[in-house]
Amino acid sequence: MEKELINIESVNFTDDYIKDIKVILHSAKSQSYKAVNSVMIQAYWLVGFRIVEQEQKGEKRAGYGEKVIENLSKALNAELGSGMSVAHLWNCRQFYLTFRDSEILSTLCRELSWSHIRMIMRLDSEAERNYYINEAKQGSWSVRELERNIKTDMFHRVLQNQIKPFASKTPAKAVETHIKDPYILEFLGIKPEISTSEKDIENAIISHMEKFLLEMGKGFSFVERQMHIKTETQDFYIDLVFYNYILKCFVLVDLKKGSLKHQDIGQMDMYVRMFDSLKKCDDDNPTIGIIFCADKDESIVKYSVLNESEQIFASKYKTVLPTEEELKLELDRNRRFLQDRKGGK
């Protein structure tokens, strides 16, 4: 008897045989799609390689590349149908040129679709391309999620802050967290021309928690809203509490409708200290606090505890998608400010 292709003992069956069969068929379709996707992406890379090779052997004059692709498209469509358009063949060519020496090619073939790849290969920076490839793979991003994150320039909105080792149980290697500035929260559906309170923003976040966690980044899970912390004399309520399983620490979020004020920083500093004392477990790393504000004065950041703190951050949030120019100006301003801070130390 031939060797079985599937180990039946490895399959977890239930009492519902119809449900089990549906799971089997859905799984098979998913696996077959991934296999076909991988083969076709490899084929597109090889098509791009062959196009470039032909161009390099061709006439040394402008327009020869266009001529090669136009003639190829006509020949392929005559035999294979209309799938090999000029635009598609240009994409194959760009795919090869972008990733011809890349070690990440095997990841592209196995993990991402052709639609993902077409978006990523148009990015200019290799570091940026690798960032979106890894994030899309690890986060199982849909094409729409990838498009949004590229459009909102997630790569440049992430500030990579080195946090020193917290405790003896933590490896000596520094722990890296990702704090964005600004956060883009257009999915909350809050219109800037309509008066909203901090409670309205909190409610909107709770209603769109899945999208909010995606915007927060890797490793975040929601713990509680309006978490009650009680001392001997007073009661305090923290807007939103998360836990990051990568950093192994709690993350507190305080929502501010207006501009950042120095008392907001003092309040978050107190929250973090209290949380570390009253809520944090022995095997947790120190708590991180993020103040979400509609705007912030960089002078307040520079001359407050935020300038030196490795546990407290202030980030702007936007409830509408900024234009590309607006986002670029914001990121340039943040970059200059961070460079000034580093230069002043």
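Me: Where does aspartate 153 lie?
Reply: Happy to walk through this predicted model with you. Aspartate 153 is not a glycine, yet has a positive phi of about 55°. As for its place, aspartate 153 sits in the loop between α7 (143–151) and α8 (154–157).

Me: Is aspartate 153 buried or exposed?
Reply: The cut-off for buried is under 20% relative accessible area. Not counting residues up to four places away in sequence, aspartate 153 touches Glu128, Tyr132, Leu327 and Leu331. Its relative accessible area is 18%, so aspartate 153 is buried.

Me: And serine 140, buried or exposed?
Reply: Serine 140 is found in the loop between α6 (126–139) and α7. Like any residue with a positive phi that is not a glycine, it deserves a look: its phi is about 50°. A residue counts as exposed over 50% relative accessible area. Serine 140 has 61%, so the word for it is exposed.

Me: Which residues does a cis peptide bond join?
Reply: Most peptide bonds are trans. Here, one has an omega of about 5°. Its proline is found in the loop between β2 (175–180) and β3 (183–184). The cis bond joins aspartate 181 and proline 182.

Me: How are α2 and α3 oriented to each other?
Reply: Two packed helices are described by the angle between their axes and the distance between the axes. For helix α2 (residues 64–80) and helix α3 (residues 86–99), the axes come within 9 Å and cross at roughly 120°. The crossing is right-handed. The two helices, α2 and α3, are therefore oblique.

Me: How many nonpolar residues does the contact of α2 with α3 have?
Reply: On the α2 side, the contact is made by Gly65, Glu66, Ile69, Glu70, Leu72, Ser73 and Leu76, and α3 brings Val86, Leu89, Trp90 and Arg93. By class, 3 of the residues are charged, 2 are polar and the nonpolar ones number 6.

Me: Which residues is glycine 65 in contact with, leaving aside its neighbours within four places in sequence?
Reply: Glycine 65 has its place in helix α2, and at 15% relative accessibility it counts as buried. Its C-alpha atom is separated by 8.3 Å from that of valine 52, 13 residues apart along the chain. Leaving aside the neighbours within four places, its contacts are Glu55 and Trp90.

Me: Why do the buried residues of α9 line one face of the helix?
Reply: In helix α9 (residues 198–207), the buried residues are Ile201, Glu202, Ala204 and Ile205. They line one face because, seen down the axis of α9, they fall within an arc of 160°.

Methods. Residues are numbered from 1 along each chain as its sequence is written. This is a predicted model: local features need pLDDT of at least 70, side-chain atom pairs count only at pLDDT 80 or more; totals for chains, interfaces and linings use all residues. Side-chain values use heavy atoms; hydrogens and water are left out. Buried means under 20% relative accessible area, exposed over 50%, partly exposed in between (1.4 Å probe, protein chains only). Helices (H or I, at least four residues) and strands (E, at least two) are DSSP runs, numbered from the N terminus. The arc is that of the directions from the helix axis to the C-beta atoms. Axes are lines fitted to C-alpha atoms, for helices over the stretch in contact, and angles run from 0 to 180 degrees between N-to-C directions. Angles under 35 degrees count as roughly parallel, over 145 as roughly antiparallel, 65 to 115 as roughly perpendicular and the rest as oblique. A crossing is left-handed if the near helix is turned anticlockwise from the far one by less than a right angle, and right-handed if clockwise. Contact means heavy atoms within 4.5 Å. Ala, Val, Leu, Ile, Met, Phe, Trp, Tyr, Cys and Pro count as nonpolar, Asp, Glu, Lys and Arg as charged, and the others, Gly among them, as polar.
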